[in-house]
Amino acid sequence: MTGYEVAVHARAELGEGPTWDPAAGRLLWVDILSSRVHAYDPSSGRCTVRTTEQHVGAAKPRAGGGLVLNLRDGVGLLDPDDAFRWLHHDPAPGRRANDAAVAPDGSLWAGTMRYDEAPGGGTLSRLTGDGTAQVVLPAVAVSNGTAWSPDGRLMYYVDSPTRRVDVFDFDGRRITGRRPLAQVERGAGFPDGLTVDADGCVWVALWDGAAIRRYTPDGTLDRVLALPISRPTACAFAGPGLTDLYVTTARTGLAAPHPLAGSLVVVPDAGRGLPQPAFAG
């Protein structure tokens with residue numbers, strides 16, 4: 001059993017997207033299906049919750065303050081005074097936002113998927129601070145974990161039904177040379193959200209796998225953190241030293257969820273993470 005602790009007791013339907021906000025000293029995460037953005041201060045234990053008007057796939061800090069939100073109908077900006085405006089409004093019937101990540105250049109790579117998870121129904125798009133949007137991957141099923149190597153030359157990505165963690169070459173704006181880094185065997189769950197540590201290793205949450213796995217840059221599985229919660233969704237290093245691994249979890253679709261399903265848990269001193277850029281918009 002992993003030496004985990006419960007950071008926030010919650011009943012999130014679909015907890016996702018843990019993100020350390022160093023400027024505010026807080027961990028951001030979302031409950032997609034309850035349309036909630038959570039903020040947790042590990043130094044005080046204080047938790048706050050903000051409700052959005054749509055299902056929210058991700059919330060990331062902005063360089064000038066506030067948040068960028070990956071929402072059902074597009075990407076929006078929340079200012080420090082709570083004023084909201086759309087950065088890129090692109091509604092599509094039956095489609096919603098899912099995971100998102102900020103690239104080294106400050107652009108947002110925002111994923112979508114269909115509610116019915118139809119193959120090819122989702123996308124991965126790159127959005128700049130002025131709202132320019134470019135579809136990078138046009139036909140995915142469940143766009144999930146996205147992260148970059150310490151030197152910024154590789155991008156890792158998960159389309160969950162493929163059961164793969166893929167890697168691309170990254171030139172600062174574009175991705176090329178897609179290839180598998182790791183294949184999750186049947187019966188071990190589906191890869192979901194991921195993060196990259198300071199050693200360049202990829203940590204990925206396994207939906208229906210009750211575990212977090214770490215893969216080395218050559219794709220070797222070298223560590224497994226077992227959890228009692230069957231649906232961990234994503235992980236991120238947080239805290240002042242970026243040494244504690246926070247894990248979001250889900251209870252949606254489970255007939256008899258574990259009592260901690262939907263909570264935010266933490267594995268103290270699990271490794272050392274990388275500072276994450278804020279969205280440049």
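The second largest pocket of this predicted model has a volume of about 410 Å³. A pocket here is an open set of points on a 1 Å grid over the protein atoms alone, where a 1.4 Å probe fits, with protein on both sides within 12 Å along at least five of seven lines. Its volume is the space filled by probe spheres set on the points, which are joined across faces, edges and corners. Lining residues have an atom within 4 Å of a point.

This second largest pocket has 20 lining residues. Arg 96, Met 113, Glu 117, Val 142 and Trp 207 lie nearest its centre. Two or more lining residues come from each of β10, β11 (108–114) and β18. Strands are DSSP runs of E, at least two residues long, numbered from the N terminus. By class, the lining splits into 9 nonpolar, 5 polar and 6 charged residues. Nonpolar covers Ala, Val, Leu, Ile, Met, Phe, Trp, Tyr, Cys and Pro; charged covers Asp, Glu, Lys and Arg; the others, Gly among them, are polar.

A word on the ground rules. Residues are numbered from 1 along each chain as its sequence is written. In this predicted model, local features need pLDDT of at least 70 and side-chain atom pairs 80 or more, while totals for chains, interfaces and linings use all residues; side-chain values use heavy atoms, leaving out hydrogens and water.

Now take the largest pocket. Its volume is about 470 Å³. Of its 31 lining residues, Ala 101, Thr 146, Ala 147, Thr 195 and Gln 276 are the closest to the centre. Six strands each supply at least two lining residues: β2 (15–21), β6 (56–61), β10 (95–102), β14 (143–148), β18 (190–196) and β22. This lining holds 20 nonpolar, 9 polar and 2 charged residues.

Return to Glu 117. It sits in the loop between β11 and β12 (122–127). Most residues other than glycine have a negative phi. Asp 208 also has a positive phi, near 65°. Its loop lies between β19 (202–207) and β20 (211–215). Buried means under 20% relative accessible area, exposed over 50%, and partly exposed in between, with a 1.4 Å probe and protein chains only.

Next, the aromatic rings. There are 6 aromatic pairs. Rings of Phe, Tyr and Trp (its six-membered ring) pair if their centres lie within 6.5 Å; planes under 30 degrees apart are stacked, over 60 edge-to-face, and the rest tilted. Trp 109 and Trp 148 are edge-to-face, 5.7 Å centre to centre with 75° between the planes. Trp 109 lies in β11 and Trp 148 in β14, so the pair ties together parts that are 39 residues apart in sequence. Trp 109 is buried at 0% relative accessible area. Trp 148 is buried at 7%. With Phe 170, they form one aromatic cluster.

Four strands form an open sheet in the order β1-β24-β23-β22, with antiparallel pairing. Its edge strands are β1 (5–8) and β22 (232–238), each pairing on one side only. Two strands pair if DSSP finds at least two bridges between them. β1 and β24 (residues 264–267) are joined by 3 bridges. In one of these strands, β24, Leu 264 is the bridge partner of Val 8. Strands of a sheet pair through backbone hydrogen bonds.
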